Amino acid sequence: MLDLLKYKTPEKYSSDFKEAYSYINVRQIKILSTAIFLLAAILRIFAVIFYDRMSGIPSFHEYHVSNLVQLSLGPVFIVLSTIAARSRSWTVTQRNLLTLLFAMFLLSICFYISYVYSQHNAKNTMTMFLIGIVVVSIFFSLEFKYILILSFYTVFLFVIGMIVPSLNTDQKIMNTGAAVIL
């Protein structure tokens, strides 16, 4: 049984697999960033057409900022992923770093939206945050070191979200535990 845990794929095969999944990840970035951009654009159109009604939404300004971030960074990831997919000069590491940055962006916007929606209370942000984690885990194949980086980033986001509002110590400890489990 211990041999199964210590097994390492021969370099010849693992390098081909890393090359293949780095291209697959880049294509996923293009699809997801396009979806994020289109959704943000549709929401922006609604916000312009129905401004009187939508401006009454609690935290409308924060949603506005989030929408602008998605509208500006969505095309950046679309362009970068297109270049990375077509260019042979991009290395596997560069494509993996692009994937890591996009996953961080995706987790950040999911956490921010859920944080604003829960009225700045980190204990009520679990649903959207979990959706972000699930999306990253479903759509991307990542090496262990990138998974660790994303895990620490996720906990960092969650802890920052608990420092900003005034929560009592018990809630902060319970929420930090939940963040580590997620």
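Me: What's the average pLDDT of the protein chain?
Reply: This is a predicted model, and the chain averages a pLDDT of 81, with 86% of the residues scoring at least 70.

Me: Where is confidence lowest, and where is it highest?
Reply: Helix 1 (residues 2-6) is lowest, at a mean of 65, while helix 4 is highest, at 90.

Me: OK, on to the inside. How many residues are in the largest nonpolar core?
Reply: That core has 29 residues, and F102, L106, V136, F140 and L150 have the most contacts inside it. Two or more residues each come from helix 2 (11-49), helix 4 (60-86), helix 5 (92-117), helix 6 (126-139) and helix 7 (144-163).

Me: Which helix gives the most?
Reply: Helix 5, with eleven residues.

Me: And what is V136 in contact with?
Reply: Skipping its neighbours within four places in sequence, V136 is in contact with A103, L106, L107, L142 and L150.

Me: Switching to charges: how many salt bridges are there in the whole structure?
Reply: A search finds one. R95 pairs with E19, and their closest N and O atoms are 3.0 Å apart. R95 is in helix 5 and E19 in helix 2, so the bridge ties together parts 76 residues apart in sequence.

Me: Is R95 buried or exposed?
Reply: R95 is buried, at 0% relative accessible area, whereas E19 is partly exposed at 32%.

Me: What about E143, where is that?
Reply: E143 is in the loop between helix 6 and helix 7. E143 is buried but has no salt bridge, and the nearest side chain of opposite charge, K145, is 4.1 Å away.

Me: Which residues does E143 touch?
Reply: K18, Y21 and N96, leaving out residues up to four places away in sequence.

Methods: Residues numbered from 1 in each chain as written. Predicted model: local features only at pLDDT ≥ 70, side-chain atom pairs only at ≥ 80, totals over all residues. Heavy atoms only, no water. Core = buried A, V, L, I, M, F, W, Y, C linked by side-chain atoms within 4.5 Å. Buried < 20%, exposed > 50% of the residue type's maximum accessible area, 1.4 Å probe, protein only. Helix = DSSP H or I, 4+ residues; strand = E, 2+ residues; numbered from the N terminus. Contact = heavy atoms within 4.5 Å. Lys, Arg positive; Asp, Glu negative; His and termini not counted. Salt bridge = Lys/Arg side-chain N within 4 Å of Asp/Glu carboxyl O. pLDDT = per-residue confidence, 0-100.
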